[in-house]
Amino acid sequence: MPQPPTALHRNRRSWSIGAMLLLLLCISPAAWSCTISPSVTATFASASSFAIASTPQTTSAQPNAGAVCRGSVLGLAVVSDQWIRATLSSANQGALVNAASGDAISYRIFALAAANEEIFLNTTYNYFNPVLIDLLGLIGGQSVNIPMEFRTLTTANVAAGTYTDTITINWNWRICNVGVLVCLGFRTGSGVSTVSLSMAVTPDCAIQSPDLDFGSAPLVAGFDPVTQTIDITCTKGSDFSVGLSDGQQPAASIRRMENNGNYLEYQLYKGPTGSERWGNTGSERRSSATADTNPGTPSGVTGQGFTYRGEILPGQTTPPSGTYTDVIVVDVIF
């Protein structure tokens, strides 16, 4: 006849069941690892070459840097035993490059720019560090998108076009599996992802157009022709044309200055001595190749000067005395 289990036997049975449950908790949750996406993108907003020269541009990898990791359930006491490491290399050694022109825009990489956590190429960076643990939520066991941010260095005189680079990230991780006071095991692994960076640089121009002053005279015949120069600096390699509007109150192709309903007719001509009207359509426009100073394709650095001559048209009746004005729009097409 079987004997009833003694207290000792009961304790051993309970201990055995407890050990089996503990073993299952230690090895079962595969979710404590990282999931690696093979390819993600980071696209800068398009910016003009002038903006690139004066202001750093920023973007981030979307939706993450290629890794989604489960945070640890343990705190800072075991930080040194856990890591989410990233080692980066760049196809263009840390620069966005325009294949057509060969121009390059250097950039910096951050795990989190707001915390000044910079990542350097070919140097292993550990996301699981005291600065980022709380900011990213790497404690508590939840899923975390691992970020990566980019900031360009101000770079003068680049051509318009598409600039790209590809970053390869080698990941490896060691994250505590489960536990309350101690770590009962680690989930380790590795993977590779790439970040495709791109930026569209757009052309731009800066225009300096001084006022034109004919001076004063008692009669129309007393006004001498006046010359002035418009200076234009455009993005390197971006040919352009420049035109002058007909003013605010033209009569056919005749420009007119106005004062209290009275008009003084005048005209603007290409060059200091020519008689070809400078307008804003068709052949009346001027190209960068025909600039009076520094003609040709823009260098992006040196301005190009377009000289014109203003003349009060003879043969008109002298209008009443007063100050006559008009506004001309200088437009550049590139």
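Asp331 is partly exposed, with a relative accessible area of 23%. Partly exposed is the middle class: buried means under 20% relative accessible area and exposed means over 50%, with a 1.4 Å probe and protein chains only. The model is predicted, so local features need pLDDT of at least 70 and side-chain atom pairs count only at pLDDT 80 or more, while totals for chains, interfaces and linings use all residues. Residues are numbered from 1 along each chain as its sequence is written, and side-chain values use heavy atoms, with hydrogens and water left out.

What does Asp331 form with Arg285? Asp331 and Arg285 form a salt bridge, with the closest N and O atoms 2.8 Å apart. A salt bridge here is a side-chain nitrogen of Lys or Arg within 4 Å of a carboxyl oxygen of Asp or Glu. Asp331 sits in strand 22 (residues 330–333) and Arg285 in the loop between strand 19 and strand 20, so the pair ties together parts that are 46 residues apart in sequence. Strands (E, at least two residues) and helices (H or I, at least four) are DSSP runs, numbered from the N terminus. Arg285 counts as buried, at 12% relative accessibility.

The salt-bridge count comes to eight. Take Asp246 and Arg277, whose side chains meet at 2.6 Å, N to O. Asp246 is in the loop between strand 17 (241–244) and strand 18 (255–259). Arg277 is in the loop between strand 19 (262–270) and strand 20 (286–287). The two residues are 31 apart, and the pair links distant parts of the chain. Asp246 is partly exposed at 25%, whereas Arg277 is buried at 13%. Salt bridges with shared partners also join Asp246, Arg277 and Glu284 into one network.

Now look at Glu276. Its side chain meets that of Lys270 in a salt bridge of 3.0 Å, N to O. Glu276 is partly exposed, at 45%. Lys270 counts as buried, at 13%.

Next come the disulfides. A disulfide is a covalent bond between the sulfur atoms of two cysteines. The rule used here asks for a pair of cysteine sulfur atoms within 2.5 Å. By this rule there are two disulfides. One joins Cys34 to Cys69, S to S 2.0 Å. The torsion about that S-S bond of Cys34 and Cys69 is about 110 degrees, so the disulfide is right-handed. Cys34 lies in strand 1 (residues 34–36) and Cys69 in strand 5 (residues 67–70), 35 residues apart. Cys34 is buried at 8%, and Cys69 is buried at 0%.

Cys205 and Cys234 form a disulfide too, with their sulfur atoms 1.8 Å apart. Cys205 lies in strand 15 (residues 205–208) and Cys234 in strand 16 (residues 226–234), so the pair ties together parts that are 29 residues apart in sequence. The link of Cys205 and Cys234 is right-handed, with 105 degrees about the S-S bond. Both Cys205 and Cys234 are buried.

Turn to the empty space. Rolling a probe the size of a water molecule over the atoms shows where such space is left. A pocket is an open set of points on a 1 Å grid over the protein atoms alone, where a 1.4 Å probe fits, with protein on both sides within 12 Å along at least five of seven lines. The largest pocket holds about 730 Å³ of space. That volume is the space filled by probe spheres set on the points, which are joined across faces, edges and corners.

Which residues lie nearest the centre of the largest pocket? They are Leu212, Phe214, Met257, Tyr324 and Thr325, out of 33 lining residues. Lining residues have an atom within 4 Å of a point. Strand 19 gives the most to this lining, with three residues.

Finally, look at the backbone. Most residues other than glycine have a negative phi, and most peptide bonds are trans. The peptide bond from Gln62 to Pro63 is cis, with omega near 0 degrees. Pro63 is in the loop between strand 4 (58–60) and strand 5. Asn260 has a positive phi, near 55 degrees. Asn260 lies in the loop between strand 18 and strand 19 and counts as exposed, at 72%. Asn294 also has a phi near 55 degrees. Asn294 is in the loop between strand 20 and strand 21 and is partly exposed, at 42%.
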